[in-house]
Amino acid sequence: MGMDGNFEQILHEGKLFRDVNAFIVAHLRDNNLSQAASAVASATMTPLDVEVPPNRLLDLVSKGLAVEKGEPIKGVSASTLFDSGASVPVAYGSIPVPRTSAIDFSAQLDVKGPSKSFPEHETRHISEHKNVARCARFSPDGRYVATGSADTSIKLFEVAKVKQMLLPEAKDGPVRPVIRTFYDHMQPINDLDFHPQSTIVISGAKDHTIKFFDFSKTTAKRAFRVIQDTHNVRSVSFHPSGDYLLAGTDHPTPHLYDINTFKCYLSANTDDIPGNAAINQIRYSSTGGMYVTASKDGAIRLWDGVSAKCVRPIVGAHGGEATSGIFTKDYRFVLSCGKDSTIKLWEVGTGRLVKQYVGATHTHLRCQAVFSDTEEFILSIDEPRNEIVVWDALTAVEVTRLRSNHTGAPRWIEHSPVEPAFISCGTDRSVRFWNEGI
């Protein structure tokens with residue numbers, strides 16, 4: 001290669017390093033690691049306010065690893081994860097690249113005008129527990145959904161079979177969408193989550209345990225690993241890497257577990273958190289850089305995913321209890337719900353209240369507010385009217401109400417992360433699937 005070629009290569013490599021530095025600075029900054037972002041920006045002469053697409057660094061790393069291996073990034077087997085002898089021959093999906101937000105709330109916070117129309121959905125009863133259906137969760141790839149009940153059972157549904165069941169005529173006889181049922185808890189189940197890469201579903205329950213179930217095994221009915229906590233486990237959330245999980249309990253501090261060693265870590269800076277701040281819900285951001293808790297004292301708290309420190313308490317976010325809190329896909333905003341019949345959108349970087357979604361009454365149940373898969377809509381429950389209320393996420397205008405078809409208000413609603421479909425379940429023990437254009 002001649003001198004011109006060397007020079008072009010140097011220019012190319014220089015641009016590459018500048019791009020990588022920009023991605024690193026933006027990633028640290030957007031995860032509220034401001035000191036680290038400033039240090040890297042200063043050392044590399046990168047502007048601190050550099051603009052790059054959300055999650056670009058993680059996207060490139062994922063693709064780079066795939067290229068290096070010459071194949072898509074596959075999940076890790078349960079035996080590798082837990083060294084327990086459990087065998088998962090094939091993970092149910094590849095590591096998902098975090099999706100960027102479909103709605104740029106920061107750029108269009110004050111936009112007014114006509115709201116979007118929520119597509120027509122149909123619903124069907126797909127199964128029933130023997131007692132109250134208390135919670136539901138979709139797998140990250142949307143292929144499975146699990147429900148947990150006061151009857152201590154977990155039902156696992158394959159979404160493709162649910163859709164097949166809903167067709168007017170099934171060619172090969174009745175379709176059974178429930179592909180696994182697990183029984184291993186002693187008290188009601190509060191929350192569920194799927195491992196991000198492997199065929200593992202976990203449950204948190206009132207019996208103070210978190211249990212791990214391998215759904216690749218057709219005959220497995222019981223957990224292959226158990227974490228014994230000291231409190232009622234009200235909520236669980238896997239880190240996107242799959243190496244850690246969070247438990248929200250009756251204790252005011254999140255419990256962070258290393259799933260390979262089962263060691264528990266607690267944050268040290270919790271002096272300002274009152275003893276009545278039991279955690280109703282805990283959820284990681286899409287990158288794991290932060291997590292959010294919604295507590296019985298009405299507060300929403302944002303935590304650093306690395307240091308496990310509470311970095312932004314939003315005290316009094318809700319009157320009474322805060323019942324749910326979730327991040328937008330670009331983790332710049334948090335959507336919360338409370339027993340004060342309000343749903344609120346908060347800016348992560350400042351703790352500023354951005355929007356309120358009003359019109360639904362929820363004062364008794366530990367219900368939640370959720371985004372649609374595109375984040376264009378927000379869904380929650382109106383208890384007295386036994387309806388599912390839908391708002392335009394950007395304009396905060398109520399766009400429709402859906403009769404729930406439950407006997408009594410639904411207790412839980414969970415939206416698919418990949419398509420316009422959601423699950424509702426309730427005190428009438430039933431599980432209903434909602435889909436666009438069935």
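User: What makes strands E26 and E27 a pair in this predicted model, and in which sense do they run?

Analyst: In this predicted model, strand E26 and strand E27 (residues 421-426) are joined by 5 bridges and run antiparallel. Pairing asks for at least two bridges between two strands, and the 5 bridges found here meet that condition. Proline 410 stands opposite glycine 426 in E27, and a hairpin of 5 residues leads from E26 to E27.

User: Why is strand E26 described as largely enclosed?

Analyst: A residue is called buried when its relative accessible area is under 20%. In strand E26 (residues 410-415), 6 of the 6 residues are buried, so the strand is largely enclosed by the rest of the structure. As for the protein as a whole, 55% of its 438 residues count as buried.

User: What makes E6 and E9 the edge strands of their sheet?

Analyst: The sheet is open and has 4 strands in the order E6-E7-E8-E9, with antiparallel pairing. Strand E6 (189-194) and strand E9 (225-228) are its edge strands, since each pairs on one side only. From one strand to the next, the twist averages 20 degrees.

User: How do you know that E8 and E9 are paired?

Analyst: Strand E8 (residues 209-214) pairs with E9 in the antiparallel sense over 4 bridges, where at least two are required. Within this pairing, isoleucine 210 has isoleucine 227 in E9 as its bridge partner.

User: Why is the contact between arginine 222 and aspartate 184 called a salt bridge, and what does the pair tie together?

Analyst: The criterion is a side-chain nitrogen of Lys or Arg within 4 Å of a carboxyl oxygen of Asp or Glu. For arginine 222 and aspartate 184 the closest N and O atoms are 3.2 Å apart, and the contact therefore qualifies as a salt bridge. Arginine 222 lies in the loop between E8 and E9, while aspartate 184 lies in the loop between strand E5 (178-183) and E6, so the pair ties together parts that are 38 residues apart in sequence. This is a salt bridge in a structure that holds 18 of them.

User: Are these two residues buried or exposed, and how do you know?

Analyst: Arginine 222 has a relative accessibility of 55% and counts as exposed, because the exposed class begins over 50%. Aspartate 184, at 15% relative accessibility, counts as buried, because the limit for that class is under 20%.

User: What makes arginine 234 and aspartate 250 a salt bridge, and how is each residue classed?

Analyst: Their closest N and O atoms are 3.0 Å apart, which is within the 4 Å cut-off. The pair links distant parts of the chain, with arginine 234 in strand E10 (residues 233-238) and aspartate 250 in the loop between strand E11 (244-249) and strand E12 (255-258), 16 residues apart. Arginine 234 is buried at 13% relative accessibility, whereas aspartate 250, at 32%, is partly exposed.

User: Why does lysine 339 count as partly exposed, and which residue does its side chain meet?

Analyst: Lysine 339 has a relative accessible area of 21% and is therefore partly exposed, because the buried class takes values under 20% and the exposed class values over 50%. Its side chain meets that of glutamate 321 in a salt bridge, at 3.4 Å from N to O. Glutamate 321 itself counts as buried, at 15% relative accessibility.

User: How do you know that glutamate 387 is buried, and what does this residue touch?

Analyst: Glutamate 387, found in strand E24 (residues 387-392), has a relative accessible area of 13% and is therefore buried, the limit being under 20%. Leaving aside residues up to four places away in sequence, glutamate 387 touches Ser380, Ile381, Asp382, Arg401, Leu402 and Ser404. Its side chain also makes a polar contact with the side chain of arginine 385 at 3.3 Å, and a network of salt bridges links Asp382, Arg385, Glu387, Glu398 and Arg401.

User: What is the pLDDT over residues 10-15 and over residues 65-100, and why does that matter for reading the model?

Analyst: The pLDDT stays under 50 over residues 10-15, where the model has 0 contacts beyond four places in sequence. Over residues 65-100 the pLDDT is also below 50, although this stretch has 80 contacts in the model beyond near neighbours in sequence. Where pLDDT is low, the predicted coordinates should not be read in detail. The protein averages a pLDDT of 83, and 77% of the residues score at least 70.

Methods: Residues are numbered from 1 along each chain as its sequence is written. Side-chain values use heavy atoms; hydrogens and water are left out. Helices (H or I, at least four residues) and strands (E, at least two) are DSSP runs, numbered from the N terminus. Axes are lines fitted to C-alpha atoms, for helices over the stretch in contact, and angles run from 0 to 180 degrees between N-to-C directions. Buried means under 20% relative accessible area, exposed over 50%, partly exposed in between (1.4 Å probe, protein chains only). A polar contact is a pair of N or O atoms within 3.5 Å; within protein, one must be able to donate a hydrogen and the other to accept it, and residues adjacent in sequence count only if both atoms are side-chain atoms. Contact means heavy atoms within 4.5 Å. pLDDT is the predictor's confidence in each residue, from 0 to 100.
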